[in-house]
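Subject: Structure handover

Hello,

Here is the structure I promised to pass on. Please have it open while you read the notes.

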Amino acid sequence: MLSEFGQLSIFLVTIFSVLIIYKSFLSLKSNNQVIEPGIYQLSLWQVTVTILSFLVLIAAYLVSDFSLINVYENSHTAKPLFYKFAGSWGNHEGSLLLWINILVIFSYLFLIFNFKHKKNFRLLTLVIQNLIILGFTLFLIFNSNPFSQLEPVPLEGLGLNPILQDPALALHPPMLYVGFVGCSIYFSAAIASMLSNYRGKLFANSIKSWVLISWCFQTLGISLGSIWAYYELGWGGFWFWDPVENASLLPWFAITALMHSVIVLKKRENLYAWVIILCLITFILSVTGTFLVRSGILNSVHTFASDPARGIYILLFLSVMIFSSLIIFFRTFKKESYNFYFKSKETFILINNWFMAFFLVTVLVGTLYPIFLDVVTNEKISVGPPFYNIVIIPLAVPLLVLMVVGPQLSWINSKSLGVVKHKALIIIGALLINFIIYLIFGSSSFLSNLIFISALFLIIHSILEAYKIYQKKIKFEAPRVISHLGFGLLILFIGINHNFSNEQDFNLKVGEEKKFDEYNIIFRDLKLKQEKNYKAIIGDFEIKNFDKKINKILNPEIRIYSNPETLTYEAAIKTRIDSDLYLTMSNISRSDYYNIKFQHKPLMIWIWISVLMVVFGGFLQLVRNKNES
Amino acid sequence: MRVNLTRIIIFGFIFFCLSIFWLGLKKDQTYDTRNLIGNKINEFSIPSLDETNSFSEQYFLNNKFTIVNFFASWCAPCRDEHKYLVELSKNGAHIVGVSFKDKKSNTLDFLNQLGNPYKFIAADNDGKASISFGIYGIPESIIINRESVVVKKIIGPINQEIFKEILNIIK
Amino acid sequence: MKSKIIFFILAFFIFSSIHANENIKVNDIFKNLRCLVCQGQSIADSNSDFASTVKLVVEDQIKQGKSEKEIYSFLISKYGEWIVYKPSFDTKNFFLWILPYLVLVSGGIILYVLLRKKPKL
């Protein structure tokens with residue numbers, strides 16, 4: 001019954017999309033000044049039915065209705081309730097339904113919140129968005145239907161991969177999709193803007209909050225993924241430059257560039273063509289990312305189970321999107337005049353975009369090159385962290401410095417570049433703190449020192465600015481200062497973590513002890529425990545450090561799940577304000593020895609705090625935007 | 001005209017990228033070292049199972065082709081392929097068996113049960129020697145000629161088809 | 001004042017570079033190698049049999065005094081280029097390494113051209 005209900009609701013979404021497109025065309029042709037209430041109603045119905053379809057899927061999971069193939073393949077009666085719920089979007093078909101939900105919700109919200117803008121522009125946005133919705137819904141119905149039935153109905157499901165049963169991972173897809181899919185709305189708006197000639201400041205105002213929303217959630221989604229990887233996956237890292245991670249990072253660079261350029265469009269009525277290009281590229285990158293992840297073309301830790309038909313459909317959809325937006329762009333292109341002085345805020349925003357473009361191309365080329373090489377020469381190579389680190393890290397240094405200068409300049413023109421107040425003091429401060437870092441942690445490479453110094457330059461300057469804002473109550477700069485401060489801190493802490501983490505990999509038997517320069521690790525005991533849906537082998541380790549007077553007990557686990565039969569390694573992590581202690585234990589087959597990986601990671605938690613600060617600045621700006629209007 | 005050229009380049013480039021994606025879909029993603037042939041095996045030394053002798057690169061000089069087979073008693077596909085190895089040795093193939101991360105008693109039991117096709121049995125107890133041969137899983141069999149050059153790599157168990165291929169090569 | 005700052009900066013950089021950590025951290029080598037039997041994991045992260053064997057071999061080679069480069073060449077000769085995460089600097093990878101910098105330079109040129117026109121205000 002749930003299956004039929006689900007199928008019906010999806011079918012209705014398709015019908016509503018067609019009706020909305022039809023009615024919008026009629027409205028565009030007519031001379032009405034306003035959008036007919038019928039269109040609003042259809043949109044509201046569409047949102048309701050779409051959300052309903054997702055609720056039906058969730059219900060099917062909660063009651064373990066195995067007549068749905070999707071529930072059978074991804075759930076199990078013994079799964080804890082929260083993970084039954086989250087399992088609904090933890091698979092290809094379910095997450096696709098989530099995509100559609102966000103597409104539809106954004107379509108509706110954009111329609112009703114943009115009532116101040118030109119009618120034709122809003123209708124065309126609705127039309128394009130619904131064409132996208134139609135594309136995805138048809139794909140869902142014919143290729144990846146979460147409501148397909150299974151007969152005879154099995155008594156038990158195959159279960160969800162236990163690695164995915166984690167709170168951070170449960171939240172990661174919805175957050176990320178609001179980012180990924182949210183950018184569809186300004187893709188549609190960009191095309192609508194070109195077709196209805198609704199340009200400049202007006203267009204900028206219509207999309208600016210949407211760009212911010214997608215940016216905030218994209219950043220948050222990526223961070224949650226990293227937090228999950230760190231706490232769950234047992235390698236102590238949080239970013240691997242894995243193709244699927246890169247697929248989420250690519251739109252992020254584009255959205256960051258767009259977020260800054262929209263300000264120029266709004267304030268100076270310039271860079272329209274460039275803003276349009278960024279709007280188009282962002283969603284194109286999202287769909288490309290979806291293609292890479294779901295088609296099976298890439299080898300990754302994250303890939304969903306693959307099916308070639310999916311890849312073909314998404315590729316076709318992507319091609320249609322790219323070619324049609326390109327054709328429209330060339331047809332409606334009007335030459336703009338660019339009048340920029342070097343010492344202006346506009347120019348430095350362009351410089352930001354220049355850097356974002358560089359980072360974007362690096363990650364794009366790194367991710368795609370193995371595919372190209374394989375197709376053209378049949379040779380397989382790997383492009384991993386060394387490539388990205390070598391290319392990207394050096395450019396972070398000038399970026400951090402320019403992030404200080406840019407916001408200090410005025411619009412149009414400034415007297416000098418030396419507008420940064422107390423430059424000398426800040427540089428000395430940065431050098432001093434860098435020296436303190438050396439005293440506390442030890443030496444590091446020349447490049448790392450540059451990174452620390454430039455990050456500290458941004459940090460100290462931002463703190464001074466924050467103080468000035470607090471004193472003089474100039475609130476409008478606060479979001480930018482907070483986000484930039486967060487970014488500086490993020491780079492600093494990642495740098496410290498990367499350089500000064502202590503990682504050891506060794507084998508031990510129960511009762512043995514391993515001694516390092518600073519640590520003693522004692523493998524005291526091994527216990528067995530039976531939980532609801534898994535058996536656990538729990539190791540009891542004592543970590544001693546005489547210098548810092550650390551004496552901690554860590555209990556890593558090896559978990560043996562039965563549905564499906566998997567083995568996971570749960571890291572024991574002790575998070576403290578100054579560092580994390582990280583221990584994983586894995587068994588070596590046909591041996592009494594266990595492979596132990598121990599890590600001491602300084603200032604780990606501050607990485608998460610910094611990135612949350614960056615996001616907080618974005619949300620603050622959103623609130624300000626809302627209060628403005 | 002200049003604008004048109006830019007447009008043609010952009011369209012062309014995008015078409016090129018999309019075609020590569022299309023072609024990439026048809027490719028097989030699993031990586032294997034099947035094609036890593038034609039290289040020479042450098043110096044190595046693996047002790048024999050009875051610890052009296054050792055297996056080194058000198059060994060290959062004695063035969064036109066040597067088949068080096070990595071196996072273990074605890075490996076199920078190794079049991080499945082073993083009969084083909086016995087057949088091959090009956091057909092005159094010169095096979096060296098390398099027991100991989102196994103206990104001597106278990107290896108001997110395995111050979112007693114399923115037959116011994118090996119002219120020489122070596123024991124790689126920690127698995128390190130297998131790296132010199134580019135092994136990353138078992139069973140794997142490598143055909144090496146007199147000049148220590150790798151002629152063929154067989155990843156995974158030998159089946160009927162591969163058995164015939166090997167026969168063709170060593171004749 | 002300015003010259004003092006410059007002197008301090010230079011002295012500090014030279015000081016820190018001298019003490020820069022050049023020792024091969026074994027774990028860094030493990031991180032640069034791909035586990036061939038896993039789905040997208042490095043030798044450092046993987047718990048597989050293959051990974052533990054490779055770790056032993058790498059540790060042995062370090063004890064023998066082999067350099068990082070030699071270890072990578074050895075493994076590449078046995079397993080192909082897929083096993084190392086850093087792509088080589090040769091003709092087939094030319095576009096991989098050059099494209100990002102090409103974009104950087106082109107972007108720079110575009111910006112320069114844009115800014116060259118003195119705007120009439």
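My notes on the chain contact, the domains, a sheet and a helix pair follow.

This is a predicted model, in which local features need pLDDT of at least 70 and side-chain atom pairs count only at pLDDT 80 or more, while totals for chains, interfaces and linings use all residues. Residues are numbered from 1 along each chain as its sequence is written, and chains are lettered from A and ligands numbered from 1 in the order in which they are written.

**Chain contact**

Chain A puts 17 residues into the contact and chain B puts 14. (Residues are in contact if their C-beta atoms, placed from the backbone, lie within 7 Å.) On the side of chain A that touches chain B, α11 (308-332) and α12 (345-377) each supply at least two residues. The largest share, seven residues, belongs to α11(A). Helices here are DSSP runs of H or I with at least four residues, strands are runs of E with at least two, and both are numbered from the N terminus. By class, this side of chain A has nine nonpolar, five polar and three charged residues. (Nonpolar means Ala, Val, Leu, Ile, Met, Phe, Trp, Tyr, Cys and Pro; charged means Asp, Glu, Lys and Arg; the others, Gly among them, are polar.)

**Domains of chain A**

The assignment, automatic or from a database, gives domain 1 (1-165), domain 2 (195-333 + 341-392), domain 3 (393-500) and domain 4 (502-605). The centres of domain 2 and domain 4 of chain A, taken over C-alpha atoms, are 38 Å apart.

**Sheet in chain B**

Five strands form an open sheet with mixed pairing, in the order β5-β4-β3-β6-β7. (Strands pair if DSSP finds at least two bridges between them.) β5 (120-124) and β7 (150-155) of chain B are at the edges with a single partner strand each, so one side of each has no neighbour in the sheet. β4 (residues 95-100) of chain B runs parallel to β5(B), joined by five bridges. Ser99(B) has Ala123(B) as its bridge partner in β5(B).

**Helix pair in chain A**

α5 (residues 92-113) and α6 (residues 119-142) of chain A pack at about 165°, axes 10 Å apart. (Axes are lines fitted to C-alpha atoms, for helices over the stretch in contact; angles run from 0 to 180 degrees between N-to-C directions.) α5(A) and α6(A) are therefore roughly antiparallel, a term for angles over 145 degrees. Their contact includes Leu96(A) and Trp99(A) of α5(A), and Arg122(A) and Phe136(A) of α6(A). By class, the contact of α5(A) with α6(A) has 13 nonpolar, five polar and one charged residues.

Best wishes

Key
Contact = placed C-beta atoms within 7 Å. Parallel < 35°, antiparallel > 145°, perpendicular 65-115°, else oblique.
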